Amino acid sequence: MSLAPASSKYETHEHDVLIIGAGGAGLRAALEALGHGARVGVVCKSLLGKAHTVMAEGGIAAAMGNVDSADDWKTHFRDTMRGGKFLNNWRMAQIHAQEAPDRVRELEQWGALFDRTDAGNILQRAFGGHTYKRLCHVGDRTGLEMIRTLQDRGVELGFDCYMECTVTRLLSEGDRVAGAFGYWRESGRFVVFKAKSVVIATGGIGKAWRVTSNSWEYTGDGMALAYDLGAELMDMEFVQFHPTGMVWPPGVQGILVTEAVRGEGGTLKNRLGERFMEKYDPKRMELSTRDVVARAIYTEVREGRGTEHGGAYLDISQKPAEYVKRKLPSMYHQFLELADVDITKHPMEVGPTCHYMMGGIRVDAETAESTVPGLFAAGEAAAGLHGANRLGGNSLSDLLVFGRRAGLFAAEHANRTAPPAIDSAQIEAGARELAAPFEHAGGESPYAVQRDLQETMQNLVGIFRNDADLKKALEELEKLKARADRVSIEGSRLYNPGWHLARDLQSMLTVAEAVAISAIARTESRGAHSRIDFPQLDAEWGRKNNTVVRENTEMKLRQSPVPAVPDELKQLLAD
Ligand SMILES: Cc1cc2nc3c(=O)[nH]c(=O)nc-3n(C[C@H](O)[C@H](O)[C@H](O)COP(=O)(O)OP(=O)(O)OC[C@H]3O[C@@H](n4cnc5c(N)ncnc54)[C@H](O)[C@@H]3O)c2cc1C
């Protein structure tokens with residue numbers, strides 16, 4: 001299929017602040033930028049309101065002290081740093097712990113209806129790695145309420161929303177960002193966004209693994225876009241495997257079973273009826289951190305004590321049925337409808353599922369600006385807050401705290417910046433790249449390449465890793481890149497999912513390579529990164545973040561020092 005010159009084929013929109021992604025981070029950024037007088041555009045791959053945030057179940061972590069009055073930001077800071085095995089950016093962890101309660105109260109003022117304590121305050125539940133009951137929640141549908149609230153407010157304040165539109169390239173002028181290029185998913189027509197500031201809020205990369213809780217949208221686009229423009233990616237080896245995904249029936253494998261089940265008192269047992277967490281973390285048991293629980297389940301299965309379908313039993317049936325239905329309505333329906341299991345009477349079968357990316361675009365702790373001027377990032381696409389492992393509930397609070405900061409500083413940046421010039425050569429290059437799969441006759445299907453990518457990452461870059469597997473993964477990724485460059489697409493650009501996947505594959509492969517090379521370099525086990533050949537923590541590696549940057553066409557790996565925690569905060573981290 002041939003294309004007319006791109007310039008005759010695209011529409012152009014202009015904004016002060018362009019936000020790529022309409023999940024919690026993107027919407028919170030949009031509200032803040034609007035509040036500071038910016039003309040804001042928000043682009044999203046799917047419909048507004050259908051981002052990952054809407055799937056969030058368990059809650060938002062914020063030290064409000066409504067249930068456990070001893071809770072405060074200092075304890076939240078300490079829990080986050082300990083959970084992240086001290087690889088976190090301490091300043092981000094401090095800002096996050098200090099600002100999260102205000103961000104939750106603000107949501108409430110905008111109309112979010114949380115579950116309540118008897119005294120009428122926002123109810124908070126226990127979650128793994130949190131010292132106190134800290135997760136503000138709405139049953140197990142917290143993300144839905146959060147998105148609904150942010151979206152309503154955004155529509156009221158007024159931003160331009162470009163739905164079902166995929167950004168495939170960031171545009172630059174000199175060393176600064178100048179906008180973005182992409183296509184409408186339905187018509188396949190090209191679109192150009194001119195912007196003084198751009199915020200990446202595109203989420204994670206879970207779709208590069210076979211068993212995942214993530215949806216089709218999580219193909220690492222924002223990280224790859226930023227990397228292509230010269231931004232640094234950081235901590236890419238840290239991929240979180242949530243301990244509890246569905247394992248049966250096969251069609252629903254990986255779908256998340258919220259940690260709220262354990263927060264509400266659910267117990268984990270193996271085939272022999274043993275509460276095996278006693279062996280792995282006798283103090284915290286089921287409320288240990290996700291990395292520990294995921295490895296525990298994996299180990300039980302590997303050593304022959306797994307359930308019929310290769311998982312563990314998660315049981316909440318000791319609680320009254322009405323309580324389970326009220327506190328975990330989505331889980332109740334999920335198991336009844338998808339697995340024919342009534343969780344008020346029977347245990348669930350669960351196993352690890354790829355869930356969350358701790359690594360991402362390196363940002364400044366105060367402003368959320370990346371290493372490229374004018375390019376900001378927030379939410380799961382950004383790195384730094386969670387270090388080597390994220391605590392449950394800390395993502396939704398991250399979106400609010402750093403989404404707000406990204407919007408604020410993106411608006412300020414736009415206020416002091418002249419409108420950029422758009423370089424048509426960059427647009428032509430973006431259009432050529434998108435057209436390429438139509439011009440390869442007889443190539444293979446992008447679905448075959450994605451399937452093999454998922455197998456590679458699942459089998460060689462999974463929960464337990466070793467040098468030989470990781471190097472094999474890199475070799476496989478090289479072959480997959482060559483295959484992805486040759487895939488061919490039938491038909492036209494009118495709603496063509498195969499064509500969409502052909503482009504998404506490029507992002508997935510870039511990010512997967514960054515994960516693999518970072519994982520090879522880190523010769524220790526820390527948080528979510530478990531090396532069978534290096535099972536211990538290494539103090540030297542505890543002082544280094546891995547960063548990945550593009551030099552010409554080469555991916556370069558470097559180390560940078562973890563910012564030193566100031567003395568007054570160090571005291572908080574001591575036992
Ligand atoms: C099932 C599930 C349950 C969870 N439960 C919790 C919980 O209880 N508590 C908690 O703290 N965390 C939870 N998490 C994690 C949390 O929900 C996510 O980390 C968080 O919502 C990510 O928000 P975000 O704004 O960064 O990205 P998202 O909400 O995923 O939004 C990404 C946006 O980017 C858009 N996008 C992506 N690529 C492009 C592109 N190329 N062009 C244009 N747009 C693009 C998408 O369309 C989407 O609008 C859960 C995650 C899952 C999957």
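The second largest pocket here has a volume of about 610 Å³, where a pocket is an open set of points on a 1 Å grid over the protein atoms alone, reached by a 1.4 Å probe, with protein on both sides within 12 Å along at least five of seven lines. This is a predicted model, in which local features need pLDDT of at least 70 and side-chain atom pairs count only at pLDDT 80 or more, while totals for chains, interfaces and linings use all residues. Residues are numbered from 1 along each chain as its sequence is written, and side-chain values use heavy atoms, without hydrogens and water.

- At least two lining residues each come from α5 (221-229), α12 (424-439), α14 (467-485), α15 (497-521) and β20 (554-561).
- Helix α15 gives the largest share, eight residues.
- By class, eleven lining residues are nonpolar, five polar and eight charged.

**Helix α13 against α15**
- Helix α13 (residues 446-460) packs on α15 at an angle of about 25°, with the axes 9 Å apart.
- The two helices are therefore roughly parallel to each other, a term for angles under 35 degrees.
- On the α13 side, the contact (heavy atoms within 4.5 Å) includes Tyr 447, Leu 453 and Met 457, and on the α15 side it includes Leu 501, Leu 505 and Leu 509.
- This contact has 13 nonpolar, two polar and no charged residues.

Definitions and conventions
1 Å grid on protein atoms, 1.4 Å probe; cavity = no way out; pocket = protein on both sides within 12 Å on 5 of 7 lines; lining within 4 Å. Points joined across faces, edges and corners; volume = space filled by probe spheres on them. Helix = DSSP H or I, 4+ residues; strand = E, 2+ residues; numbered from the N terminus. Nonpolar A, V, L, I, M, F, W, Y, C, P; charged D, E, K, R; others polar. Axes fitted to C-alpha atoms, helices over the stretch in contact; angles between N-to-C directions. Parallel < 35°, antiparallel > 145°, perpendicular 65-115°, else oblique.
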